[in-house]
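Subject: Structure handover

Hi,

Here is the structure for your work. My notes follow below it.

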Amino acid sequence: MADTTLMDKLVSLCKRRGFIFQSSEIYGGLGSVWDYGPLGVELKKNVKDRWWHAMVHARDDIEGLDAAILMHPKVWEASGHVAGFTDPLVDCRHCKNRFRADDPRIKGTPGQPDAQCPVCGSKGTLTEPRLFNLMFKTFMGPVEEQAAVVYLRPETAQGIYVNYLNVLNSSRQKVPFGIAQIGKAFRNEITPGNFIFRTREFEQMEMQFFVKPGTDVEWFERWRGWRMEWCQGLGLTSAKLRFHQHGPDELAHYAKDAFDIQYEFPFGWQEIEGVHNRTDFDLGRHQQYSGKKLEYFDQAANERYVPYIVETSAGADRVTLTVMVDAYREEQVEGEVRVVLGFHPALAPIKAGVFPLVKKDGMPELATEVYHALKRRFPAFYDDSGAIGRRYRRMDEAGTPFCITIDGETIANRSITVRHRDSMKQDRVGLDRLEAYLGDHLAV
Ligand code: ATP
């Protein structure tokens, strides 16, 4: 399968099966904004739940938080986003398209007569680069004036920094400890694209770990390792994951060291998560801009300091895309193409499909009973329409790991078949053992 077509196939499967739809599609869509359908919302939720479990529930040194999207505008001055969260852009005066100044398709130097527009091909029509802030602005209250400007947050991290003392004082935590948050972020990206890889509205899964200065390097190394393990634990192909360390020209102004976890997408190696040593930059700046002390007092050592921060920052949508790209495969089965989303069972939106072999002889009634019993434990799907092979294929495309068929033997001896998505092998299992059987196979 040519890699360029894989993304097209995935986009169409996502629409067909109800994973992801274009936002406001009946109005022609809205640029790089996407909606999650019934299966997509489950898949993304499973990604987020797995992250939350690993970061908050399974550890005793991290607390959860859900800060608001709207924050005091000074937050973004302190964070450096008002002054620095910008991309240099050029416009074509002829076709009115807008590009990043470093767009590799531009020939010549923007602003000079030799520069050529990559879309309409006109020469000398590209403007000088101008800085464009990526934050979405809106107004708070009834008056649309400069004093009422607020921003949609471009990252969730700042909500954690400004709440760090609140969490510390209301929990039993001591440094080193972390705060984790999952939430929406907004960036007016100039070159969005590649489906949900880069969108203007997205969700982040961020964790900020507060440590004593001097211990930051060892914590940074630990978190780098743990985060890679988590990515591997999603069932992603190991050979398609790697670290990329930021060189001096890539490092953000606040960072002492930074590694991206990259995945090899059909469109190249790209970041799915960043692990950053942010030093005391963030708390230092908020201390300065708010005039409030943000020091930590270590009672045992009787010392005060502004903690250093190790950040792990992943995109929920980007990880969801990674999981889908990695899971997609096509196989030749009996002269037909079988499309499978081979999700890790914990991530699969539907865990089991339940089918009566035929619509008679008490099979639909028993299948309905089995379906309702399973649905109390996990998402299941009932299907009695079409040939059994077609029903299996539909579940393969949805990434459902197990299909349960109620047939003549079920009625006779209360046993069913469980068909495994990946091997297509079938096991005969007693009905009374079904829940335990699935539980064992899903517990991963
Ligand atoms: P990129 O270089 O890809 O723009 P970034 O370095 O700006 O990303 P961070 O600010 O470190 O990204 O954000 C952390 C994570 O948030 C990224 O690893 C990515 O998974 C996710 N993310 C960032 N921007 C977007 C976006 N526009 N759409 C979807 N996910 C995003």
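One of its oxygen atoms is 2.9 Å from a polar backbone atom of Gly315. That is a polar contact, a pair of N or O atoms within 3.5 Å; within protein, one must be able to donate a hydrogen and the other to accept it, and residues adjacent in sequence count only if both atoms are side-chain atoms. Taken alone, the ligand exposes 590 Å², and the protein buries 82% of that (Shrake-Rupley areas, 1.4 Å probe; for residues, only the protein chains shown count as cover).

A word on the basis. This is a predicted model: local features need pLDDT of at least 70 and side-chain atom pairs pLDDT 80 or more, while totals for chains, interfaces and linings use all residues. Residues are numbered from 1 along each chain as its sequence is written, and side-chain values use heavy atoms, with hydrogens and water left out.

A polar side-chain atom of Arg187 lies 2.9 Å from a ligand oxygen. A ligand nitrogen is 2.8 Å from a polar backbone atom of Thr199.

Which residues come nearest to the ligand? Of the 15 around it, they are Arg187, Glu189, Arg198, Thr199 and Glu271 (a residue counts if one of its heavy atoms lies within 4 Å). The shell divides into 4 nonpolar, 5 polar and 6 charged residues (Ala, Val, Leu, Ile, Met, Phe, Trp, Tyr, Cys and Pro are nonpolar; Asp, Glu, Lys and Arg charged; the others, Gly among them, polar). Strand S13 gives the largest share, 4 residues (helices, H or I, at least four residues, and strands, E, at least two, are DSSP runs numbered from the N terminus).

Now the salt bridges. The count is 35 (a side-chain nitrogen of Lys or Arg within 4 Å of a carboxyl oxygen of Asp or Glu). In one of them, Asp317 pairs with Lys44, with the closest N and O atoms 2.9 Å apart. Asp317 is in helix H9 and Lys44 in helix H2, 273 residues apart.

Last, the backbone. Most residues other than glycine have a negative phi, and most peptide bonds are trans. Ser32 has a positive phi of about 55°. A cis peptide bond joins Val175 and Pro176, with omega about 5°. Pro176 lies in the loop between helix H6 and strand S9.

Best wishes
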